Amino acid sequence: MTIQEVLTKFHEVFGDEGSIGTFFAPGRVNLIGEHTDYNGGHVFPCALTLGIYGAMRKRDDRFLRFYSLDFPDEGITSSSLDELKPLQDKGWTAYPKGVVWAFDRRGFPLPTGFDLVIGGDIPIGSGLSSSAALEMLTGVALRALFGFDELSMKNLVGIGQFAENDYLGMQCGIMDQFASGMGKAGCAIYLDTARLVHTYAPLDLEDSTLVITNTKVKHELIGSPYNERREACALALKRFQNSLKISSLGAMTTDQFESYKDTLHDPILVKRARHAVYENFRTIQALSALQAGNMDRFGELMNASHVSLRDDYEVSCPELDLLAETAWEIPGVIGSRMTGGGFGGCTVSIVKNDSLAQFKEALTSAYQKKFDKCPEFYVVTPGDGARAIEA
Ligand code: GLA
């Protein structure tokens, strides 16, 4: 996909008069720190160079018109600024509409509607945050076209999450919007979600490559047990707070967890909280490993993260497990784990360049044998965050 294709389509469906803004927002892959963002822990994602391209033009009435190159059969869909319905809206246009709604709620109502055409090269529903990319794309486009210059990128990140939480009803944390908005080429983003403080860690993989493998099992978080996991963590925190002064599971040490876990009086809550606490700890260690150039340690932490997501947090699935477990057996695979919310989607692996062909072959053959279909591979590099681009 290119911005030229999107712009050409815009001219075709909406005409070429007036000034049209062109934008891009990336998807993300999380290296480690899964299901820690709504627990006040650390995450370690990077923005991708894959994402969503969009062209937007202001209208002079209150209509909103949408067209997606990814869903050409839907044609043009229209709506109005006066009929935005939180928690009822469905389909891809609910994301940009949710962002419009969130702008309004945050004190930035749109005076008029707009026409929007989008097209992406990020696989939809694969756990690479096509939703957050669409939210951030809408955010940067509205800011530019309607002159909301006082909004910082972090404000737009917050608006994106607000839209997803309160318009779409998916209680996600801040990671995906943050990565899509604040990404930096060549770097992973180490983010403390409790304080919303981040640092960029150069991801210099030298003789290795970052590879995403798509199970092609659709990962749909709205209506999934995602919100349930979040509630379990909130309940565990509440119980711990009877004995401990902590503001989040991310503020808890592993020693504290071990000393107080029995006060949860529920084996499921122990598993969920153990993941949250130890995953945060692994993410902190992963930054040190990366900074020390100790990629083997980084890989071990990635693998341990997968095991914890599989066994304690229970958000993996047989397809993700097979991909990760097969990868672990291949010499030259530094680390491999499921990435994103889970219940389908993708794994992320760091693989020595020399072993890449073997990696793809082994995973394809194991996957085909067990699930009778082929996984898809994307070799990726960290890219920049959401922005206006030249067409
Ligand atoms: C989804 C959510 C994120 C995060 C991950 C799990 O991608 O949108 O906020 O919770 O799952 O790490």
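User: Why is lysine 271 called partly exposed?

Analyst: This is a predicted model, and in it lysine 271 has a relative accessible area of 23%. Buried means under 20% and exposed means over 50%, so a value in between counts as partly exposed.

User: What makes lysine 271 and glutamate 314 a salt bridge?

Analyst: Their closest N and O atoms are 3.6 Å apart. The cut-off is within 4 Å, so the pair qualifies. Lysine 271 sits in helix α8 and glutamate 314 in the loop between α9 and α10, 43 residues apart, so this pair links distant parts of the chain.

User: And why is lysine 97 called buried?

Analyst: Its relative accessible area is 9%, and buried means under 20%, so lysine 97 is buried. Its salt-bridge partner is aspartate 89, at 3.2 Å from N to O. Aspartate 89 comes out at 18%, so that one is buried by the under 20% rule too.

User: How do you know that the length of helix α9 fits its residue count?

Analyst: Helix α9 has 17 residues, 295-311, and at 1.5 Å a residue they should span 24 Å. The end C-alpha atoms are 24 Å apart, so the two agree.

User: What makes arginine 297 and glutamate 300 a salt bridge, and where do they lie?

Analyst: Their side chains meet at 2.9 Å, N to O, and that is within 4 Å, so the pair counts. Both lie in helix α9, 3 residues apart, about one turn of the helix.

Terms used:
Residues numbered from 1 in each chain as written. Predicted model: local features only at pLDDT ≥ 70, side-chain atom pairs only at ≥ 80, totals over all residues. Heavy atoms only, no water. Helix = DSSP H or I, 4+ residues; strand = E, 2+ residues; numbered from the N terminus. Expected span 1.5 Å × (residues − 1). Buried < 20%, exposed > 50% of the residue type's maximum accessible area, 1.4 Å probe, protein only.
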